[in-house]
Amino acid sequence: MKIIGTSKEIKLKKQVIMMIGLYGQGKTTTCAKLAKYFQKKGLKPGLIASDVHRPAAYDQLTQLGETVNVPVYGDPKEKNAVRIVKDGLKALKECDVIIIDTSGRHALEPELIDEMQKISKAAKPDEKLLIVDATIGQQAGVQAKAFNDAINITGVVISKLDGSAKGGGALSAVSTTKAPVIFIGTGEKVEDIESFDPKRFISRMLGMGDLQALLEKAEEVVDKEKAEKTARKIMSGKFTLKDMYEQMDMLTGMGPLKKIVDMLPFGMSGKLSDDKMEETQEKLKKFKIIMDSMTDEEMENPSIVKTSRVKRIALGSGCESKDVKALLKYYNMSKKAVKGFAGNRRMKKSLMKSLKFADAGM
Ligand SMILES: Nc1nc2c(ncn2[C@@H]2O[C@H](COP(=O)(O)OP(=O)(O)OP(=O)(O)O)[C@@H](O)[C@H]2O)c(=O)[nH]1
Ligand SMILES: [Mg+2]
């Protein structure tokens, strides 16, 4: 199976990006995803709505822009896409990365090529990204080649790689054309985008999970200092409800459990049913609400929580006593696990080592 083709990392600099592709491939959604991506890297993005053909296109992009909190330039009354792009570039000149959404067509017809070329001439984009939908399978490769021949794209984004059996086929087909794959889209939400890394993709296909992606996700949401503090506490064998609360906070902050588990190695994802995961996610949420009703003293020293306190906490958090007891049971199990971890010298050593790396800023 040959799936390593060309891949490319997008530069983190001031630039103009033009999105192109056929109908419904995910251009507009990907505009917002990219905006969020650059925003996270500290750059200021702006969006231009130059799809003048689909009536709702302007509203869609404006809404997405609001979601990610970036400015959107557009003029629903203007029917000339090139005019909009020119005005948009001026209006958004304070932005670092300007992303231009364009209209789609049913096929790569002369009219589409003409419009793409005109916009490209007016905007002189640093990147011309083709968006292709993974669910079309091998056809994605055909599209990539055709667009590349027609207007020299600089890269491809493969959208809808979530839950598509044909995703691998699409990716391998595109990878074998000359067009480098830059990003993959893995869901409908604005954060569902990943830089494409062929090695990582292979390991995921082979069921080895995607630890790299997991670590990146963790880095985004985890406060390094807090994580280090927790790690040191774990090593000392001390583990209070407060520590557990922080851990849950980190975990739930990383997004839906299913996504996290999908990134774990050894085909873990197959072993946990979606229902079970949803149940766990709900349980974590409930636990957090219960803990919010506990006093500092109880959080630091959970062993003082006996019957009367259980009742009070249940009442305060709108739960039943059995839920509070379930939380305490879960805490005691976690604490035992943590104690075992702290007692394991080999694990301790490897954790120490990773902390040293963290100290060295690595
Ligand atoms: N599951 C999933 N859905 C996606 C992804 N990217 C886009 N979509 C969905 O695909 C549909 C079409 O996306 P758009 O962004 O509107 O596509 P477009 O290329 O702008 O479409 P036109 O403007 O009509 O040409 C929407 O319902 C999106 O939510 C993805 O990575 N995963
Ligand atoms: Mg669109």
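Arginine 105 counts as buried in this predicted model, because its relative accessibility of 7% falls under the 20% cut-off for that class. Its salt-bridge partner is glutamate 111, and the closest N and O atoms of the two are 3.3 Å apart. Glutamate 111, by contrast, is partly exposed, with a relative accessible area of 45%.

**Salt bridges**

| Pair | N to O distance |
|---|---|
| Lysine 13 and aspartate 126 | 3.6 Å |
| Arginine 105 and glutamate 111 | 3.3 Å |
| Glutamate 298 and arginine 309 | 2.8 Å |

The side chains of glutamate 298 and arginine 309 meet in a salt bridge, and this pair links distant parts of the chain, with glutamate 298 in helix 14 (residues 296-300) and arginine 309 in helix 15 (residues 307-317), eleven residues apart. Glutamate 298 has a relative accessible area of 0% and is therefore buried, whereas arginine 309, at 27%, is partly exposed. Elsewhere, salt bridges that share partners join Lys286, Glu320, Lys322 and Asp323 into one network.

The bridge between lysine 13 and aspartate 126 also connects distant parts of the chain: lysine 13 belongs to the segment before strand 1 (15-20), while aspartate 126 sits in the loop between helix 4 (110-123) and strand 5 (127-133), and the two are 113 residues apart. Lysine 13 is partly exposed, its relative accessible area being 34%, and aspartate 126 counts as partly exposed at 36% relative accessibility.

Strand 5 pairs with strand 6 (residues 155-159) in the parallel sense, over five bridges. Within this part of the sheet, leucine 130 has valine 156, a residue of strand 6, as its bridge partner.

**The surroundings of ligand 1**

Ligand 1 is surrounded by 20 residues, of which the closest are Lys27, Thr28, Thr29, Lys160 and Asp162. The largest share of this shell, four residues, is contributed by helix 1 (residues 27-40). By residue class, the shell divides into two nonpolar, eleven polar and seven charged residues.

Several contacts involve oxygen atoms of the ligand. An oxygen atom of ligand 1 lies 2.4 Å from an N or O atom in the side chain of threonine 29, and an oxygen atom of ligand 1 is 2.9 Å from a polar backbone atom of glycine 26. A backbone N or O atom of glycine 185 is placed 3.5 Å from an oxygen atom of ligand 1. On its own, ligand 1 has 650 Å² of accessible area, and the protein covers 81% of that area.

Key
Residues are numbered from 1 along each chain as its sequence is written. Chains are lettered from A and ligands numbered from 1 in the order in which they are written. This is a predicted model: local features need pLDDT of at least 70, side-chain atom pairs count only at pLDDT 80 or more; totals for chains, interfaces and linings use all residues. Side-chain values use heavy atoms; hydrogens and water are left out. A residue is near a molecule or strand if one of its heavy atoms lies within 4 Å of it. A polar contact is a pair of N or O atoms within 3.5 Å; within protein, one must be able to donate a hydrogen and the other to accept it, and residues adjacent in sequence count only if both atoms are side-chain atoms. Accessible areas come from the Shrake-Rupley method with a 1.4 Å probe; for residues, only the protein chains shown count as cover. Ala, Val, Leu, Ile, Met, Phe, Trp, Tyr, Cys and Pro count as nonpolar, Asp, Glu, Lys and Arg as charged, and the others, Gly among them, as polar. A salt bridge is a side-chain nitrogen of Lys or Arg within 4 Å of a carboxyl oxygen of Asp or Glu. Buried means under 20% relative accessible area, exposed over 50%, partly exposed in between (1.4 Å probe, protein chains only). Two strands pair if DSSP finds at least two bridges between them.
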